[in-house]
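Student: I would like to learn how to read helix packing and a ligand site in a structure like this one. Could we go through it together?

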Amino acid sequence: LPSTSISITVFESEPSASSRSQGGTLDIHTESGQRLIKAAGLLDAFKKIARPEGDVMKIADKHGVLHLDEAGEEAPRLSGKGPQDLGDRPEVDRRALRAMLIESIPAEIIKWGSKVAKVVSGDTGYTVVLADGKDSEVFDLVVGADGAWSRVRPLLTAETPFYAGVVSVEFHIHDVDSRFPDIARRVGAGTLAVLSDSRGLFAQRQGDGSVRTYAMFRASGEWLDEKAYDFSKDKQRFADDLFPGWSERDRELVLKANEDSVVLRRLHMLPRGHRWEHQPGLTLLGDAAHVMLPFGEGVNDALLDALQLGEQLIEAVKEKQDLSKAITAYEEGMFERAKEHVEES
Ligand SMILES: Cc1cc2nc3c(=O)[nH]c(=O)nc-3n(C[C@H](O)[C@H](O)[C@H](O)COP(=O)(O)OP(=O)(O)OC[C@H]3O[C@@H](n4cnc5c(N)ncnc54)[C@H](O)[C@@H]3O)c2cc1C
């Protein structure tokens, strides 16, 4: 959009591009995320930050038995399925991906430190009201790309995300190659998933060489409230409570984590098939439209939403067509795709 006649403003609540670590690594799929990157002319920039060698999976059980080791098989970038040097699902750090996208558009488009409180409908369009009380100019179209707790969504639908009964606790081990070479070898360049008892430890190699592990398990809200001890200070108790009898070398993914990097998240999702009646001048994309449990599609869907909405808008403006027709076409495609992925998640 920035290279067209369409004038855009992005309101972002974070104070700057570097204000938060942004979290772990993501695999960017050929059929979705990579399509936006290509369309935006960012393929070369992406190749500089992508890690095709990270697209390898190991799956083990709680006894330490390895059931799958893709690292021992043909390297994915040589599989012939994707561009030769990227592979189908190269990994990239969130921070690097975000920086690449931010740097690709004129700096004045993003209004940092602008937390949106609500969006108000008027006679000639929509006004964005910021948390500091300031009003924006009037816009023809407002796109809520503001994540699970969108401030735009209430104008379109009464649905809000519900707790899906799954918890993710994130543990991060810095300098893993020098401090814990056994863990480094076991995780390798990609992802190690240790799965048993309907629980999982998902350890992922990051671009800086560290290892980030998501411990995921089902838990009721009451159970969590009862167990509300500080996981970061009491990792031994956490490992004993949640992963008793699991092989010690996999429990080390938790036990050896740096204290300052433990994050607990109650995972929320919108209902499968979430949709709304089209309203002129308003739409949603990404988690705002279809937050789901993390299984590798969330970011890819958000990027594909952005591409498909952008293409529809550019075409409508070029052909001087009704924006509502373009947005409805985007929404119908997105609703179908999201329904499938929310169900799978
Ligand atoms: C533990 C975990 C692991 C995950 N792993 C993966 C994975 O491996 N692969 C994958 O594809 N997906 C993964 N996901 C899902 C993925 O993170 C999301 O689907 C994706 O980030 C959605 O992108 P988004 O831009 O729609 O929303 P977000 O990433 O939430 O971005 C929203 C943006 O809007 C800003 N914002 C929010 N509210 C306001 C406001 N009121 N005013 C102004 N700005 C605002 C935020 O600061 C942020 O910059 C994971 C999610 C979790 C929780």
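**Helix packing and the ligand shell**

Tutor: The axes of helix 10 and helix 11 (residues 323-344) come within 8 Å and cross at roughly 160°, where axes are lines fitted to C-alpha atoms, for helices over the stretch in contact, and angles run from 0 to 180 degrees between N-to-C directions. Helix 10 is therefore roughly antiparallel to helix 11, a label for angles over 145 degrees. The model is predicted, with local features needing pLDDT of at least 70 and side-chain atom pairs pLDDT 80 or more, while totals for chains, interfaces and linings use all residues. Residues are numbered from 1 along each chain as its sequence is written, and side-chain values use heavy atoms, without hydrogens and water.

Student: At what angle do helix 7 and helix 8 pack?

Tutor: Two packed helices are described by the angle between their axes and the distance between the axes. Helix 7 (residues 235-242) and helix 8 (residues 248-255) pack at about 135°, with their axes 9 Å apart, and they are therefore oblique to each other.

Student: Which residues come nearest to the ligand?

Tutor: A residue is near a molecule if one of its heavy atoms lies within 4 Å of it. Of the 28 residues around the ligand, Glu12, Arg94, Val116, Asp287 and Val299 come nearest.

Student: Which helix gives the most to the shell around the ligand?

Tutor: Helices are DSSP runs (H or I, at least four residues), numbered from the N terminus. Helix 10 gives the most, with four residues.

Note on methods: Helices (H or I, at least four residues) and strands (E, at least two) are DSSP runs, numbered from the N terminus. Angles under 35 degrees count as roughly parallel, over 145 as roughly antiparallel, 65 to 115 as roughly perpendicular and the rest as oblique.
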